[in-house]
Amino acid sequence: MRPRTARPQPARAPSTAAPRLLCFNKPYGVLSQFTPEGRWRGLKDHIAVPGVYVAGRLDADSEGLLLLTNDGQLQARIADPRFKMEKTYWVQVEGVPSDEALAALARGVQLNDGATLPARARRLDPAPQLWPRDPPIRVRQNIPDSWIELVIREGRNRQVRRMTAAVGHPTLRLVRMAIGPYSLDGLAPGSWRDVAV
């Protein structure tokens with residue numbers, strides 16, 4: 001039996017639209033795609049801008065900054081790990097990480113898919129004043145929680161959650177605050193704004 005060959009796809013005409021970049025504060029429970037899936041909502045519930053695509057993803061159970069653009073080169077520059085654009089996360093974790101745990105995160109931790117690159121990690125004290133999450137995180141009466149800031153240059157699947165678990169502090173809530181020079185900067189959950197490209 002002869003293998004099937006893929007049909008040639010027509011070349012996509014270059015966009016004549018001006019480059020556009022949106023900063024969106026993605027709420028918990030929303031996918032990094034326009035179409036809803038299962039119990040998760042899609043971006044179409046929040047963004048009605050034609051011709052924009054997600055540049056880098058954020059898990060449905062994570063919150064915070066998601067970038068969308070109509071410019072393919074900009075999308076690649078933001079999402080491609082080769083460009084190593086820094087991503088800043090505020091992470092609520094079980095327990096209070098020691099200086100040694102923070103140093104381990106900063107050096108890089110061993111995960112099942114290899115060691116992570118060096119990162120920046122610090123405690124956020126006092127805890128940041130963020131919007132309430134819906135639904136709220138699970139709280140254990142006998143285990144305190146705390147917040148850390150983690151700045152990484154990679155984008156592995158569920159990387160931040162796996163990193164905090166590797167040093168003994170499971171993630172309770174994960175909020176991406178910035179990607180490179182772009183930040184939430186007071187943007188309310190579920191809202192977006194255009195930023196200069």
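Helices (H or I, at least four residues) and strands (E, at least two) are DSSP runs, numbered from the N terminus. The views show a predicted model, in which local features need pLDDT of at least 70 and side-chain atom pairs count only at pLDDT 80 or more, whereas totals for chains, interfaces and linings use all residues. Residues are numbered from 1 along each chain as its sequence is written, and side-chain values use heavy atoms, with hydrogens and water left out.

**View 1. The largest pocket and its lining.** A pocket is an open set of points on a 1 Å grid over the protein atoms alone, where a 1.4 Å probe fits, with protein on both sides within 12 Å along at least five of seven lines, and lining residues have an atom within 4 Å of a point. Of the 26 lining residues, Arg 57, Tyr 89, Gly 155, Arg 156 and Arg 176 lie nearest the centre of the largest pocket. At least two lining residues come from each of α1 (72-79), β4 (87-94), α3 (159-166) and β9 (171-179), and β9 supplies the largest share, three residues.

**View 2. The largest nonpolar core.** Such a core is a set of buried (under 20% relative accessible area, 1.4 Å probe, protein chains only) Ala, Val, Leu, Ile, Met, Phe, Trp, Tyr and Cys residues joined through side-chain atoms within 4.5 Å. Among its 28 residues, Leu 68, Val 91, Leu 105, Leu 150 and Met 163 touch the most other members. The elements that each supply at least two residues of this core include β1 (21-26), β3 (63-69) and β8 (145-152), while α2 gives the most, with four residues.

Notes:
Buried < 20%, exposed > 50% of the residue type's maximum accessible area, 1.4 Å probe, protein only.
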